[in-house]
Amino acid sequence: LHVATWRSRLILADGDDPTEIFMSRIGDPTDWDYGKKDSARAVKLSTTYAGITPQPVRACIPNTDDCMIIGCDQQIWVLRGDPAVGGTVENLSDEIGILDANSWCKTPDASLVICSQDGVYWMPPGCGSPFTSVSREVLPKELQGLGRNDYAVSMAYDQPSRMIYLFCSKEERS
């Protein structure tokens, strides 16, 4: 289960349909009534204009108030605007995906850094610039092709050292 908060909504993904994203009512994380018609209503992404992602969702990243990055197995998508009032889902990459729900971090300048199965990628601040490889050419072979069923991967930015830390732990998942 992937959990995030964005635009005063609780975001859930990886339920019965791994391509679906669920959003609570704005300001009320306990309201999941998808039948209401107001602009603050709870949202099941597939029932909106925005639609769904074609691959299992691995991470929902609240990038800015204007956009949420959706990391899938081999694709990256961006949700622009609130889906209850005409938000759209657009593809950012068909070449890279995100490894795990926590394999991303933000830097002080609001850049987004993610770990994929073939390296670490960077996206400048904002919504929708292409990702740029920052490690593929120098990534240790032990980190290439990590299996998401075998490893938990998370990232963190450390302000004092101005470094990004990548944590990998071997674990058995179902």
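Predicted model: local features only at pLDDT ≥ 70, side-chain atom pairs only at ≥ 80, totals over all residues.
Which residue in strand 6 is the bridge partner of Ile 61?

View 1

**View 2. The pairing of strand 5 with strand 6.** Strand 6 spans residues 67–72 and runs antiparallel to strand 5, to which it is joined by five bridges. Within this pairing lies the reply to the opening question, for Ile 61 has Ile 69 in strand 6 as its bridge partner. In general, strands of a sheet pair through backbone hydrogen bonds, in either a parallel or an antiparallel manner.

**View 3. The hairpin of strand 13 and strand 14.** Strand 13, made of residues 151–158, and strand 14, made of residues 163–170, run antiparallel and are joined by eight bridges. One of the bridge pairs links Ala 152 to Ser 169, the latter in strand 14. Four residues lie between the two strands of this hairpin, in which Arg 162 takes a positive phi near 55°.

View 4. Met 163, Tyr 165 and Phe 167 together make a nonpolar surface patch of about 300 Å². Of these residues, Met 163 lies in strand 14, and Met 163 is partly exposed, having a relative accessible area of 43%.

Definitions and conventions. Residues numbered from 1 in each chain as written. Heavy atoms only, no water. Pairing = 2+ DSSP bridges. Patch = residues over 30% accessible without salt bridge, like charges linked within 9 Å, V, L, I, M, F, W, Y side chains within 5 Å. Areas by Shrake-Rupley, 256 points an atom, 1.4 Å probe, with all protein chains shown as cover. Salt bridge = Lys/Arg side-chain N within 4 Å of Asp/Glu carboxyl O. Buried < 20%, exposed > 50% of the residue type's maximum accessible area, 1.4 Å probe, protein only.
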